[in-house]
Amino acid sequence: MYGLTRATTTLLAAGVAGLLIWIGTQINDKSVGGFWAVYGLIAGAGLVMALSQLLGGWTKWGWPRLAIMFLLIAFVPIAIVSLWVVLAAEPGNGWFHRHVLSWSGDLHIRGLVNDLKEYVSVFAFGIGLVFGFSFDTTGPIARGRDVAVEGTRGTAPPKRRGGIFGRGRTETTNGRAADEPLTADRDTTTSRTGDREVVTTARRPEDGNRS
């Protein structure tokens, strides 16, 4: 059931992501507004794909929450690098576009940035995808299992003791061995032993005491 649900949500999300990308192809990206509209839709497609795994039970259901550590350690650096490339590919002569190209020249990475600009759509998709990965779930609360754990808490596991001939004997928490006979069996054994006839032998006198 889990695999079927995840596969279904992934298929639906792929359809929605494809629709967003198709809408982006209908927009002219030669202007600044059209450029950000197109790549915003592509980033939205990546976000849809990531959320489909969350909704499909990839993190074992539960209420979604934002993973702050993942957001700071993973998403923020990836978003900075990706936006750097996207801003470098922006049409026109905007303030961010000019400064990103200038800073790239100062860092001696202008050639690398120019090469990566050819795949700016991949960086836009990655921004949305990684941002979707920033969400996680705590999983469902298993109430029945918690009650069972509370009931068994404080019970020590049985111990094994070595017997005379190397045979192990299991001792339970109440001190009685698991292989020890029950009270009824012990009473039966004792009564049978009591019914037995006790045979005693008299000592023979010494030769010196004979008369």
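**Helix packing and surface features in a predicted model**

Mentor: In this predicted model, Tyr 39, Ile 42, Ala 43, Ala 45, Gly 46, Leu 47, Met 49, Ala 50 and Leu 51 of H2 are in contact (heavy atoms within 4.5 Å) with Val 120, Ser 121, Ala 124, Phe 125, Gly 128, Leu 129, Phe 131, Gly 132 and Phe 133 of H6. Local features need pLDDT of at least 70, side-chain atom pairs count only at pLDDT 80 or more, and totals for chains, interfaces and linings use all residues. Residues are numbered from 1 along each chain as its sequence is written, and side-chain values use heavy atoms, with hydrogens and water left out.

Trainee: At what angle do helix H2 and helix H6 pack, and how far apart are their axes?

Mentor: Axes are lines fitted to C-alpha atoms, for helices over the stretch in contact, and angles run from 0 to 180 degrees between N-to-C directions. Helices are DSSP runs (H or I, at least four residues), numbered from the N terminus. Here H2 (residues 32–55) and H6 (residues 120–133) pack at about 40 degrees, with axes 7 Å apart.

Trainee: Is the crossing of H2 and H6 left-handed or right-handed?

Mentor: A crossing is right-handed if the near helix is turned clockwise from the far one by less than a right angle, and left-handed if anticlockwise. The crossing of H2 and H6 is right-handed.

Trainee: Is His 108 buried or exposed?

Mentor: Exposed means over 50% relative accessible area, buried under 20%, and partly exposed in between (1.4 Å probe, protein chains only). His 108 counts as exposed because its relative accessibility is 73%.

Methods
Helices (H or I, at least four residues) and strands (E, at least two) are DSSP runs, numbered from the N terminus.
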